[in-house]
Amino acid sequence: MTAAAPLLQVRDLEVRFRAGGIDLPGLNVPGFGARYVNAVNRVSLSVAPGETIGIVGESGCGKSTLGRAILGLVETQGGEVRFAGDPVAPRDRTSIARLRARAAMIFQDPYASLNPKLDIGEAIAEVLRVHGKAAPDAIAARVAELLRLVGLSPELARRKPHQLSGGQCQRVGIARALAIEPSLIIADECVAALDVSIQAQILNLLMELQRRMSLSLVFISHDLGVVRHLCRRVAVMYLGRIVEIGLTEDVFAAPRHPYTRALLAAVPDIDPDRALAPAQLRGEPPSPLDLPAGCPFHPRCPHAQEICARGVVPELRRTGDIRVACHFDLPPMTQQGEDP
Ligand SMILES: Nc1ncnc2c1ncn2[C@@H]1O[C@H](COP(=O)(O)OP(=O)(O)O)[C@@H](O)[C@H]1O
Ligand SMILES: [Mg+2]
(Lines give C-alpha, C1' and ligand atoms only; values in the text may rest on other atoms or scores of the structure.)
(Ligands and ions follow the chains in the order given, each with its own letter.)
Protein backbone atom coordinates (compact mmCIF):
# COMPACT_ATOMS: atom_id res chain seq x y z
CA MET A 1 0.00 0.00 0.00
CA THR A 2 1.43 3.39 -0.90
CA ALA A 3 0.89 6.23 1.52
CA ALA A 4 -1.15 9.18 0.27
CA ALA A 5 0.94 12.02 -1.16
CA PRO A 6 1.56 14.52 1.62
CA LEU A 7 -0.59 17.63 1.67
CA LEU A 8 2.14 19.64 3.35
CA GLN A 9 5.88 19.16 2.95
CA VAL A 10 8.36 21.27 4.85
CA ARG A 11 12.04 20.82 4.05
CA ASP A 12 15.00 22.38 5.87
CA LEU A 13 12.95 25.43 6.82
CA GLU A 14 14.88 28.26 8.46
CA VAL A 15 13.65 31.42 10.12
CA ARG A 16 16.02 33.94 11.67
CA PHE A 17 15.01 37.10 13.47
CA ARG A 18 17.25 40.09 13.80
CA ALA A 19 17.83 40.76 17.47
CA GLY A 20 19.72 44.02 17.84
CA GLY A 21 23.37 44.71 17.14
CA ILE A 22 24.84 46.87 14.41
CA ASP A 23 25.18 45.64 10.86
CA LEU A 24 28.07 47.53 9.26
CA PRO A 25 29.98 46.10 6.34
CA GLY A 26 33.51 45.31 7.45
CA LEU A 27 32.65 45.59 11.13
CA ASN A 28 33.52 42.38 12.79
CA VAL A 29 34.05 43.22 16.43
CA PRO A 30 32.79 40.45 18.69
CA GLY A 31 29.61 41.54 20.43
CA PHE A 32 28.86 44.35 17.98
CA GLY A 33 27.67 42.75 14.76
CA ALA A 34 23.99 42.14 14.01
CA ARG A 35 22.64 39.34 16.17
CA TYR A 36 20.11 36.77 15.07
CA VAL A 37 17.73 34.36 16.73
CA ASN A 38 17.56 31.08 14.86
CA ALA A 39 13.90 30.55 15.69
CA VAL A 40 13.43 27.69 13.20
CA ASN A 41 16.50 25.73 12.27
CA ARG A 42 16.35 23.37 9.29
CA VAL A 43 12.99 21.87 10.16
CA SER A 44 11.56 19.17 7.91
CA LEU A 45 8.24 17.42 8.26
CA SER A 46 5.31 16.31 6.16
CA VAL A 47 1.62 16.03 6.86
CA ALA A 48 -0.73 13.64 5.09
CA PRO A 49 -4.26 14.61 4.05
CA GLY A 50 -6.59 14.27 7.04
CA GLU A 51 -3.71 13.76 9.48
CA THR A 52 -3.24 15.46 12.84
CA ILE A 53 0.30 16.21 13.94
CA GLY A 54 1.26 17.80 17.26
CA ILE A 55 4.19 20.19 17.68
CA VAL A 56 5.42 20.32 21.27
CA GLY A 57 8.29 21.89 23.19
CA GLU A 58 9.03 24.53 25.79
CA SER A 59 8.07 28.15 25.31
CA GLY A 60 10.41 29.90 22.87
CA CYS A 61 11.46 26.73 21.00
CA GLY A 62 10.00 28.02 17.73
CA LYS A 63 6.58 26.36 17.49
CA SER A 64 4.62 29.49 16.58
CA THR A 65 7.29 30.69 14.19
CA LEU A 66 7.21 27.34 12.41
CA GLY A 67 3.41 27.52 12.09
CA ARG A 68 3.55 31.07 10.80
CA ALA A 69 6.37 30.30 8.40
CA ILE A 70 4.38 27.42 6.89
CA LEU A 71 1.57 29.85 6.07
CA GLY A 72 3.95 32.51 4.75
CA LEU A 73 3.24 34.84 7.66
CA VAL A 74 6.94 35.34 8.45
CA GLU A 75 9.88 35.57 6.13
CA THR A 76 12.02 32.46 5.82
CA GLN A 77 15.77 32.40 5.24
CA GLY A 78 16.05 28.92 3.84
CA GLY A 79 14.27 25.70 2.96
CA GLU A 80 11.02 25.02 1.22
CA VAL A 81 7.32 24.59 1.91
CA ARG A 82 5.19 22.63 -0.52
CA PHE A 83 1.44 22.58 -0.32
CA ALA A 84 -0.47 19.99 -2.35
CA GLY A 85 2.76 19.46 -4.29
CA ASP A 86 3.25 23.12 -5.24
CA PRO A 87 6.14 25.12 -3.81
CA VAL A 88 4.99 28.07 -1.72
CA ALA A 89 7.01 31.15 -2.62
CA PRO A 90 6.71 33.61 0.27
CA ARG A 91 7.29 36.68 -1.91
CA ASP A 92 4.96 35.57 -4.67
CA ARG A 93 1.46 36.86 -4.01
CA THR A 94 -0.22 34.34 -6.28
CA SER A 95 1.42 31.45 -4.54
CA ILE A 96 0.58 32.82 -1.07
CA ALA A 97 -3.01 33.51 -2.15
CA ARG A 98 -3.33 29.95 -3.42
CA LEU A 99 -2.08 28.63 -0.08
CA ARG A 100 -4.30 30.90 2.03
CA ALA A 101 -7.33 29.84 0.02
CA ARG A 102 -6.86 26.33 1.42
CA ALA A 103 -4.95 26.71 4.68
CA ALA A 104 -5.91 28.72 7.76
CA MET A 105 -4.54 29.43 11.20
CA ILE A 106 -6.31 29.51 14.54
CA PHE A 107 -4.52 31.66 17.10
CA GLN A 108 -4.13 31.50 20.83
CA ASP A 109 -5.88 34.71 21.80
CA PRO A 110 -9.43 34.61 20.50
CA TYR A 111 -10.07 38.31 21.18
CA ALA A 112 -6.86 39.65 19.68
CA SER A 113 -7.44 37.77 16.44
CA LEU A 114 -10.82 39.48 15.88
CA ASN A 115 -11.32 43.09 14.84
CA PRO A 116 -13.08 44.69 17.84
CA LYS A 117 -15.04 47.04 15.56
CA LEU A 118 -16.56 44.36 13.37
CA ASP A 119 -19.52 42.33 14.51
CA ILE A 120 -19.10 38.58 14.41
CA GLY A 121 -21.17 38.14 11.26
CA GLU A 122 -19.04 40.73 9.46
CA ALA A 123 -15.82 39.06 10.65
CA ILE A 124 -16.92 35.80 9.04
CA ALA A 125 -18.45 37.45 5.97
CA GLU A 126 -15.13 39.21 5.36
CA VAL A 127 -13.37 35.87 4.93
CA LEU A 128 -16.10 34.59 2.59
CA ARG A 129 -15.81 37.72 0.46
CA VAL A 130 -12.00 37.85 0.33
CA HIS A 131 -11.83 34.25 -0.82
CA GLY A 132 -14.92 34.40 -3.02
CA LYS A 133 -16.51 31.58 -1.07
CA ALA A 134 -20.12 32.75 -1.35
CA ALA A 135 -22.13 34.90 -3.75
CA PRO A 136 -23.11 38.27 -2.20
CA ASP A 137 -26.72 37.22 -1.68
CA ALA A 138 -25.67 33.92 -0.09
CA ILE A 139 -23.26 35.35 2.46
CA ALA A 140 -25.72 35.88 5.32
CA ALA A 141 -26.99 32.31 5.04
CA ARG A 142 -23.46 30.91 4.93
CA VAL A 143 -22.45 32.97 8.01
CA ALA A 144 -25.42 31.51 9.90
CA GLU A 145 -24.49 28.04 8.74
CA LEU A 146 -20.87 28.44 9.88
CA LEU A 147 -22.00 29.76 13.28
CA ARG A 148 -24.24 26.74 13.73
CA LEU A 149 -21.42 24.45 12.64
CA VAL A 150 -19.25 25.66 15.53
CA GLY A 151 -22.13 25.44 17.99
CA LEU A 152 -23.09 29.12 18.14
CA SER A 153 -26.48 30.66 17.62
CA PRO A 154 -26.71 32.62 14.34
CA GLU A 155 -28.18 35.43 16.44
CA LEU A 156 -24.67 36.12 17.74
CA ALA A 157 -23.77 37.43 14.28
CA ARG A 158 -24.76 40.93 15.35
CA ARG A 159 -22.61 40.97 18.50
CA LYS A 160 -19.16 42.49 18.81
CA PRO A 161 -16.24 40.38 20.09
CA HIS A 162 -16.30 42.04 23.54
CA GLN A 163 -19.87 40.87 23.96
CA LEU A 164 -18.80 37.24 23.71
CA SER A 165 -17.02 34.91 26.12
CA GLY A 166 -13.48 33.65 25.36
CA GLY A 167 -14.86 30.25 24.35
CA GLN A 168 -17.42 31.83 22.03
CA CYS A 169 -14.72 33.99 20.47
CA GLN A 170 -12.56 30.95 19.83
CA ARG A 171 -15.54 29.26 18.13
CA VAL A 172 -15.76 32.32 15.89
CA GLY A 173 -12.03 31.91 15.17
CA ILE A 174 -12.72 28.32 14.12
CA ALA A 175 -15.70 29.42 12.01
CA ARG A 176 -13.48 31.95 10.22
CA ALA A 177 -10.89 29.26 9.56
CA LEU A 178 -13.56 26.88 8.24
CA ALA A 179 -15.09 29.59 6.06
CA ILE A 180 -12.46 29.02 3.39
CA GLU A 181 -13.26 25.28 3.40
CA PRO A 182 -9.61 24.53 4.20
CA SER A 183 -7.65 21.35 3.72
CA LEU A 184 -5.15 22.41 6.38
CA ILE A 185 -5.56 24.17 9.70
CA ILE A 186 -2.67 25.25 11.89
CA ALA A 187 -3.93 25.68 15.44
CA ASP A 188 -1.43 27.54 17.61
CA GLU A 189 -2.13 27.05 21.33
CA CYS A 190 -5.76 27.47 20.37
CA VAL A 191 -7.17 26.67 23.81
CA ALA A 192 -4.36 27.87 26.06
CA ALA A 193 -6.17 31.11 26.91
CA LEU A 194 -9.46 29.40 27.84
CA ASP A 195 -10.83 27.90 31.06
CA VAL A 196 -10.18 24.19 31.39
CA SER A 197 -13.87 23.28 31.05
CA ILE A 198 -14.15 25.32 27.85
CA GLN A 199 -10.88 23.89 26.50
CA ALA A 200 -12.37 20.42 26.28
CA GLN A 201 -15.43 21.69 24.42
CA ILE A 202 -13.34 23.56 21.87
CA LEU A 203 -10.96 20.64 21.37
CA ASN A 204 -13.84 18.20 20.90
CA LEU A 205 -15.40 20.53 18.38
CA LEU A 206 -12.14 20.92 16.49
CA MET A 207 -11.53 17.17 16.38
CA GLU A 208 -15.07 16.43 15.29
CA LEU A 209 -14.81 18.94 12.45
CA GLN A 210 -11.34 17.68 11.58
CA ARG A 211 -12.67 14.13 11.16
CA ARG A 212 -15.87 15.14 9.44
CA MET A 213 -14.09 17.32 6.88
CA SER A 214 -10.94 15.25 6.68
CA LEU A 215 -8.78 18.27 7.47
CA SER A 216 -5.08 18.07 8.07
CA LEU A 217 -4.33 19.65 11.41
CA VAL A 218 -1.03 20.94 12.73
CA PHE A 219 -1.71 21.22 16.43
CA ILE A 220 0.80 23.40 18.24
CA SER A 221 0.66 23.06 22.00
CA HIS A 222 2.79 22.99 25.10
CA ASP A 223 0.16 20.67 26.61
CA LEU A 224 1.50 17.15 26.14
CA GLY A 225 -1.64 15.52 27.53
CA VAL A 226 -3.82 17.17 24.90
CA VAL A 227 -1.40 16.32 22.10
CA ARG A 228 -1.26 12.71 23.19
CA HIS A 229 -5.03 12.56 23.12
CA LEU A 230 -5.52 14.29 19.77
CA CYS A 231 -2.56 13.71 17.49
CA ARG A 232 -1.55 10.71 15.44
CA ARG A 233 2.03 11.93 15.19
CA VAL A 234 4.07 14.29 17.30
CA ALA A 235 7.20 16.38 16.67
CA VAL A 236 9.22 17.54 19.65
CA MET A 237 11.10 20.84 19.16
CA TYR A 238 14.09 22.14 21.07
CA LEU A 239 15.74 25.49 20.26
CA GLY A 240 14.31 25.67 16.77
CA ARG A 241 14.94 22.06 15.78
CA ILE A 242 12.90 18.90 15.72
CA VAL A 243 14.69 16.49 18.05
CA GLU A 244 12.21 13.61 17.89
CA ILE A 245 9.29 12.78 15.62
CA GLY A 246 7.09 9.74 15.30
CA LEU A 247 3.72 8.22 16.05
CA THR A 248 2.43 9.75 19.27
CA GLU A 249 1.86 6.32 20.78
CA ASP A 250 5.48 5.30 20.18
CA VAL A 251 7.02 8.56 21.33
CA PHE A 252 4.97 8.69 24.51
CA ALA A 253 5.39 4.99 25.30
CA ALA A 254 9.15 4.94 24.77
CA PRO A 255 10.73 8.35 24.22
CA ARG A 256 14.28 8.13 22.87
CA HIS A 257 15.65 11.64 22.89
CA PRO A 258 16.88 12.76 26.32
CA TYR A 259 14.93 16.00 25.88
CA THR A 260 11.66 14.18 25.15
CA ARG A 261 12.25 11.99 28.17
CA ALA A 262 12.77 14.98 30.39
CA LEU A 263 9.75 16.74 28.94
CA LEU A 264 7.53 13.73 29.54
CA ALA A 265 8.97 13.12 32.98
CA ALA A 266 8.06 16.67 33.90
CA VAL A 267 4.36 15.86 33.42
CA PRO A 268 3.76 12.75 35.50
CA ASP A 269 0.01 13.31 35.48
CA ILE A 270 -0.12 12.49 31.78
CA ASP A 271 -0.66 8.87 32.68
CA PRO A 272 -0.97 8.07 36.36
CA ASP A 273 -0.18 4.40 35.70
CA ARG A 274 3.18 5.13 34.22
CA ALA A 275 6.18 5.42 36.52
CA LEU A 276 8.74 7.72 35.01
CA ALA A 277 12.24 8.59 36.02
CA PRO A 278 12.40 11.93 37.86
CA ALA A 279 12.81 14.98 35.67
CA GLN A 280 16.38 15.23 34.52
CA LEU A 281 16.38 18.65 32.92
CA ARG A 282 19.15 20.81 34.29
CA GLY A 283 18.83 24.55 34.09
CA GLU A 284 17.11 26.66 31.48
CA PRO A 285 17.37 26.37 27.70
CA PRO A 286 20.38 28.39 26.49
CA SER A 287 19.66 31.73 24.86
CA PRO A 288 18.66 31.23 21.22
CA LEU A 289 21.02 34.13 20.49
CA ASP A 290 23.96 32.15 21.70
CA LEU A 291 23.44 28.55 20.72
CA PRO A 292 25.95 26.07 22.11
CA ALA A 293 28.26 24.31 19.66
CA GLY A 294 27.38 20.73 18.79
CA CYS A 295 24.09 19.31 20.02
CA PRO A 296 21.99 22.24 21.26
CA PHE A 297 20.70 20.08 24.12
CA HIS A 298 24.09 18.96 25.44
CA PRO A 299 24.48 21.49 28.29
CA ARG A 300 21.32 20.10 29.89
CA CYS A 301 21.66 16.49 28.84
CA PRO A 302 22.36 13.80 31.44
CA HIS A 303 23.91 11.56 28.75
CA ALA A 304 26.16 14.16 27.13
CA GLN A 305 29.66 13.03 26.10
CA GLU A 306 32.52 14.90 24.54
CA ILE A 307 31.27 14.45 20.99
CA CYS A 308 28.01 16.21 21.88
CA ALA A 309 29.80 19.43 22.79
CA ARG A 310 32.35 19.47 20.01
CA GLY A 311 30.87 17.50 17.17
CA VAL A 312 28.33 18.45 14.58
CA VAL A 313 24.67 18.94 15.37
CA PRO A 314 23.07 15.49 15.34
CA GLU A 315 20.71 15.00 12.39
CA LEU A 316 17.39 13.23 12.72
CA ARG A 317 17.89 9.54 12.08
CA ARG A 318 15.54 6.64 12.22
CA THR A 319 15.62 4.27 15.19
CA GLY A 320 12.74 1.83 15.12
CA ASP A 321 9.63 3.67 14.03
CA ILE A 322 10.67 7.10 15.21
CA ARG A 323 13.34 9.59 14.20
CA VAL A 324 15.65 11.05 16.79
CA ALA A 325 18.38 13.70 16.64
CA CYS A 326 20.87 12.24 19.10
CA HIS A 327 24.40 10.95 18.58
CA PHE A 328 23.61 7.97 20.75
CA ASP A 329 21.20 5.13 20.33
CA LEU A 330 19.77 5.29 23.81
CA PRO A 331 17.46 2.42 24.62
CA PRO A 332 13.86 3.54 24.73
CA MET A 333 12.80 4.51 28.22
CA THR A 334 10.10 2.13 29.32
CA GLN A 335 8.05 1.64 32.44
CA GLN A 336 10.09 1.18 35.56
CA GLY A 337 10.25 -2.35 36.84
CA GLU A 338 9.69 -3.79 33.38
CA ASP A 339 12.05 -6.52 32.27
CA PRO A 340 14.58 -5.21 29.77
N1 LIG B 1 9.00 38.74 15.62
C2 LIG B 1 10.05 38.31 16.30
N3 LIG B 1 11.19 39.04 16.37
C4 LIG B 1 12.28 38.60 17.05
N5 LIG B 1 12.32 37.41 17.69
C6 LIG B 1 11.23 36.64 17.65
C7 LIG B 1 10.03 37.03 16.97
N8 LIG B 1 9.10 36.05 17.11
C9 LIG B 1 9.68 35.09 17.85
N10 LIG B 1 10.95 35.43 18.18
C11 LIG B 1 11.92 34.60 18.93
O12 LIG B 1 12.01 33.37 18.25
C13 LIG B 1 12.08 32.29 19.18
C14 LIG B 1 10.92 31.33 18.95
O15 LIG B 1 9.70 31.96 19.33
P16 LIG B 1 8.27 31.30 19.14
O17 LIG B 1 8.17 30.75 17.75
O18 LIG B 1 7.25 32.29 19.55
O19 LIG B 1 8.33 30.08 20.18
P20 LIG B 1 7.12 29.23 20.82
O21 LIG B 1 5.90 29.45 20.02
O22 LIG B 1 7.62 27.82 20.80
O23 LIG B 1 6.99 29.72 22.24
C24 LIG B 1 12.08 32.92 20.56
O25 LIG B 1 13.42 33.07 20.97
C26 LIG B 1 11.43 34.26 20.33
O27 LIG B 1 11.89 35.21 21.27
MG1 LIG C 1 4.01 30.12 20.58
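Modeller: Start with Tyr238. Bear in mind that this is a predicted model. Tyr238 has a relative accessible area of 1%, so it counts as buried. The cut-off for that word is under 20%.

Now look at the rings. Two aromatic rings pair if their centres lie within 6.5 Å. On that basis there are 3 aromatic pairs. One of them joins Tyr238 to Phe297, with ring centres 5.0 Å apart. Their planes stand at 85 degrees, so this pair is edge-to-face. The angle needed for that label is over 60 degrees.

Where do Tyr238 and Phe297 sit in the chain? Tyr238 belongs to strand β9, residues 233–238. Phe297 lies in the loop between α9 (258–265) and α10 (306–310). The two residues are 59 residues apart, and the pair links distant parts of the chain. Phe297 is buried too, with 2% relative accessibility.

Phe297 has another partner. The rings of Tyr259 and Phe297 have centres 5.3 Å apart. Their planes are at 70 degrees, so this pair is also edge-to-face. Tyr259 is in helix α9, while Phe297 is in the loop that runs between α9 and α10. These two are 38 residues apart, and again distant parts of the chain are linked. Tyr259 is buried, as is Phe297.

Val40 is buried, with a relative accessible area of 1%. What does Val40 touch, leaving out residues up to four places away in sequence? The list is Leu13, Glu14, Val15, Gly62, Thr65, Leu66 and Gly240. Take Leu13 from that list. Leu13 and Val40 are 27 residues apart in sequence, yet their C-alpha atoms are 6.8 Å apart in space.

Next come the helices. Helix α4 spans residues 139–149, and its buried residues are Ile139, Arg142, Val143, Ala144, Leu146 and Leu147. Check the spacing of those numbers as you read. An α-helix has 3.6 residues a turn, so residues three or four places apart point the same way. The cover over the buried residues of α4 includes α3 (120–130) and α5 (166–179). After α4 comes Gly151, with a positive phi near 80 degrees.

Helices α3 and α5 also meet each other. Their axes come within 8 Å and cross at roughly 20 degrees. That angle makes α3 roughly parallel to α5. The crossing of α3 past α5 is right-handed. On the α3 side the contact uses Ile120, Ala123, Ile124, Glu126, Val127 and Leu128. On the α5 side it uses Val172, Ala175, Arg176 and Ala179. Sorted by type, the residues of this contact are 8 nonpolar, no polar and 2 charged.

Last, the whole chain. How many helices and strands does it have? There are 10 helices and 12 strands. The chain has 340 residues, and 47% of them count as buried. Consider the contacts with a separation of 6 or more: 65% of them join residues 24 or more positions apart. The pair of Tyr238 and Phe297, 59 residues apart, is one link of distant parts of the chain.

How values were computed:
Residues numbered from 1 in each chain as written. Chains lettered and ligands numbered in written order. Predicted model: local features only at pLDDT ≥ 70, side-chain atom pairs only at ≥ 80, totals over all residues. Heavy atoms only, no water. Phe/Tyr/Trp six-rings, centres within 6.5 Å; stacked < 30°, edge-to-face > 60°. Helix = DSSP H or I, 4+ residues; strand = E, 2+ residues; numbered from the N terminus. Buried < 20%, exposed > 50% of the residue type's maximum accessible area, 1.4 Å probe, protein only. Contact = heavy atoms within 4.5 Å. Axes fitted to C-alpha atoms, helices over the stretch in contact; angles between N-to-C directions. Parallel < 35°, antiparallel > 145°, perpendicular 65-115°, else oblique. Left-handed = near helix turned anticlockwise from the far one by under 90°. Nonpolar A, V, L, I, M, F, W, Y, C, P; charged D, E, K, R; others polar.
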